[in-house]
Every structure is written in C-alpha cells, then in structure tokens.
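Hi there,

Here is the structure I promised to pass on. Have a look at it first, and my notes follow below.

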Amino acid sequence: MQTFRPGHDAYAEEISGFQTSVATQPAVVAAAETADDVVAAVKYAAEHDLTVSVQATGHGLTAGTDGLFISTRRMTGIEIDAGKRTARVEAGVRWGAVIEAAANHGLAPLSGSSPDVGVVGYTLSGGFGLMARRFGRAADHVRAIDVVTPDGELRTATPGSDLFWALLGGRAGFGIVTALEFDLVPVTELYGGGLYFDAADLPAVLRAWRTWAVAAPDELTTSIAVVALPDLPFLPAPIRGKHVANVRIAYLGDDGDQLAEPLRTAAPVLLDTLKRLPYTDSGSIASDPPHPHPYHGTNATVEALNDAMLASIVEHADPETVLIIDRLGGELARRGTSGVGWDKAAEFVVRALSVVEDGVDAIKNAHAKLFDALAPWSTGRLLPFLYGEHSAAELATAFPAGDRARLKQLKAKYDPAGRFG
Ligand SMILES: Cc1cc2nc3c(=O)[nH]c(=O)nc-3n(C[C@H](O)[C@H](O)[C@H](O)COP(=O)(O)OP(=O)(O)OC[C@H]3O[C@@H](n4cnc5c(N)ncnc54)[C@H](O)[C@@H]3O)c2cc1C
C-alpha cells in the first residue's frame, strides 16, 4: 500500500475530492487497495494515536482531518449475483459503475441523482434514491457490511447486530467499511427527465407540483429544483443563463406522458426532456454538476407543504441559492428501517445549497432565514444533504433523540478513544 505525507508529490491529488470547501491536512494518507491495507492503516493509527477519516469521492465531506486519511478510490471491485439479485462492491466504487454492471443482468441499484457519488458513503448516509418512493432507502436494502472497526478487526456486520445498525447513519464513526452487499431491483427503464419553467412562475409551478406530487403513485419519485443555470454552451438555449424551476421525474409506470400532463399546463414550459430512458441514463434526470467545487448546504424534513411554506420558499428563491424540494412518502413511510432512524411522518424535504465564495457565514445566515420560517412544520434533517463543514452536534440533529442516545452508547463501545469519524 502506498502512503503519502505532506510535501509528497501525490499527496494533494490523493486527498482531492468533489467538495473543495473543507480544508483537509492529514498527517498521513493511506491509499488502500485491499481490506488488509485498511486493517494495517487502522492499526497504524491506533499505535500513533491518530484520528482516522476516510474518503471515496469527497462528495460528502463534512469535516477536515489532521490525522490518518484512508483513501479508498482504488478499491473498485464489483460482483453481481443475478440469481440472488445482489451486488457486492468494494469501498471505492461509484454508483455509475454499479448501474452499468447491474444493467447487464436486467437489474438496477437504488442509486441517487449522481452516478459519481460513492456507494458506501451514500448508503451509510441513508441513501435517498431515484426510486425511493417505490423501494425505500438504500440503507434498508443492505445485506452485509465488511468493516474494519477501530480495534483493527475486520468484521462482517449483518442485519440485527448493533454494529450494522450504527454504521447505517453513524458512518465512519464506527469503522472503515471495506465492502458492502445489497439488493438490486429488476428495473431496466424508466420514464424520466425534467420540465423547466422560468423561476418567475415559481408560485404557480410549486402549487401545481405539490398537488400533483401528493396524489402521485409510489412508482413516481419527484423533486423540484430552483436553480440559476450558467450561461454556458453545453446547456440547451431555452434554459441557458436562466433562473429556472426544474421539476424532476423518475417514474416506473408505462403512462408517464399522461401522468405528467397536469404539470405541463402549470406555466409556460421552457424545456421538456421527459421521455423513456434506460436506467443507465438515469444521471441525466437531475444532471448534477460533475466538477469539484466548494458548496455548503442544509435541509429540513417537513410534515406538510402548506401555502405559508410555499410563500417562504418563493421568498427565499434567490439566484445564489439552489433550492430542492423532494416528495417523500410512499415506501419511505412504510418500510421498517434497519439502521439509524428515519422519520416516516416526513412528507417532503426542503434543501438549500450554495456555492462557497467568501466564507460560509453569509450562506448559513441566508439558509437559516428559510429554515426558521419552515421551523413550525420541520420534523428533522436528512444526513446525506448536510453539505460542507458541520460539527458532530450539527450532524447529530439528523437523528431522532432516541437514536442519538443509542449511537452515543455504541460509540463508547466501538470507538472508546473517539478517534474515528
Ligand atoms: C452531486 C451530489 C448528488 C447527491 N445525490 C444524492 C442523492 O440523490 N441521494 C442521497 O441520498 N444522497 C445524495 N448525495 C449525498 C451523498 O450521498 C453523500 O454526500 C455521501 O456521503 C457521499 O458519499 P461519497 O462516498 O461519495 O463521499 P465521501 O466524501 O468520499 O464520503 C462521505 C462520508 O461517507 C462516509 N464514508 C465514505 N466511505 C466510507 C467507508 N469506506 N467507510 C465508512 N464510512 C465511509 C464517511 O463518513 C465520509 O466522510 C449527493 C451528493 C452530491 C454532492
């Protein structure tokens, strides 16, 4: 296994990732290729009393580190068991590779909006995917987790064990995952894409989307993103350089055009990209930015989306803030959860995200104004959509109080020195 220290040519490249607003200056970087490498790195950190962090892609960094940094990007093995409808992937695998491998067997994973996101970080964060209302969270389809715990042991955690529960939410605070086994679903195609409206029409579009999304079948997972698009040639002319409201749709039924019809009349449509597409093109639905950049974001789950809330969302929809509202419910409200809790009563999640230019304080203040206005209806937060630097206490607000207490107990059992996470 290669290791890198500050001053080494490859050091900066190895710690680079998608999120560039979190300052990371590890004392040593372990470029793991195998589970044994991870065991060796964890034992080294124990001997030298170093904190331990892990990165696959850097999409979900919430804190920097000055200790030992385990890079899993070389751990890219994927095995598909078509008979069992499962995948087993190593810690550095991104969703795009699983989508391609599963499609060869007529299957799909419960992946999210971006194929560049890492499977392990996404799943340990809960994993709210493109088919979440039909199948539930990715975390609730995990069969086994291979993990090196802080004592340096490589273990397999399975449903029912306290370690399994804690990892699905507690993430790297409970060890470094080396491989994950999870269910695939028999999906090869969906109806998906987006309808783009001018953000000036947001009040009408939001009202129409809310009514439509509340009545929608579980086969539909949908969100609405309000975003200022750059004036760049790769974007289609009708939306280039515009502040838009983008309804995003992933639908597993055959009557997609019929289903989407009420939305098409909500306001003048600037661009309509809805069509049947193979699951291998599912990354085109949200078209998340592919390039690393600095960003900060937070969110709130809410029990309703009433007119007062819609008015607050419209008021805070400025071009500096990307707002995304996702419809929850469906299987998300029914399925029992095997990891750290999920608020089944939440009907929507409202997310705010901004590019960091001059520090995060102004961004936090702007976001706080929106979430203060939504506070009377807020029920909690979703861990995967807390972006950029957040303290452990802030991350803990993503868990129900009972789960927080249990996580604290298990943390003392598995990581008594508090070096992981
Ligand atoms: C563009 C974009 C789109 C996204 N879309 C979605 C979406 O649709 N649905 C959704 O639910 N989330 C989504 N997310 C959030 C994403 O799931 C989280 O940010 C997740 O943590 C990213 O995991 P990663 O491995 O790619 O990132 P990394 O930054 O490499 O890892 C993030 C964290 O995951 C944990 N982790 C990673 N690898 C390991 C390991 N081997 N062992 C233990 N812990 C580990 C660690 O706590 C680590 O700090 C998106 C994020 C971005 C930036």
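Please keep in mind that this is a predicted model.

Let me begin with strand β15, residues 295–302. T301 of this strand stands opposite G380 in β18, and the two strands, β15 and β18 (residues 378–380), pair in the antiparallel sense over two bridges. β15 also pairs with β17 (residues 348–355), again antiparallel, over eight bridges; there, H296 is opposite S354.

Is β15 enclosed or open? Eight of its eight residues are buried, so the rest of the structure largely encloses it. In a regular strand, side chains alternate between the two faces of the sheet. Here both faces are covered, with Y295, G297, N299 and T301 buried on one side and H296, T298, A300 and V302 buried on the other.

Now the rings. There are seven aromatic pairs in the structure. One of them joins W95 and Y122 edge-to-face, 5.3 Å centre to centre with 85 degrees between the planes. W95 belongs to helix α3 and Y122 to helix α4, 27 residues apart, and both are buried.

Because Y387 sits in the loop between β18 and α11, the pair ties together parts 92 residues apart in sequence. Y295 and Y387 also belong to a cluster of linked rings with F18, F128 and F385.

Finally, two arginines: R351 lies over the face of F385, 3.6 Å from the ring centre, while the charged end of R327 sits over the ring of F348 at 5.3 Å from its centre.

Best wishes

Key
Residues are numbered from 1 along each chain as its sequence is written. This is a predicted model: local features need pLDDT of at least 70, side-chain atom pairs count only at pLDDT 80 or more; totals for chains, interfaces and linings use all residues. Side-chain values use heavy atoms; hydrogens and water are left out. Buried means under 20% relative accessible area, exposed over 50%, partly exposed in between (1.4 Å probe, protein chains only). Helices (H or I, at least four residues) and strands (E, at least two) are DSSP runs, numbered from the N terminus. Two strands pair if DSSP finds at least two bridges between them. Rings of Phe, Tyr and Trp (its six-membered ring) pair if their centres lie within 6.5 Å; planes under 30 degrees apart count as stacked, over 60 as edge-to-face and the rest as tilted. A charge sits over a ring if NZ of Lys or CZ of Arg is within 6 Å of the ring centre and within 35 degrees of the ring normal.
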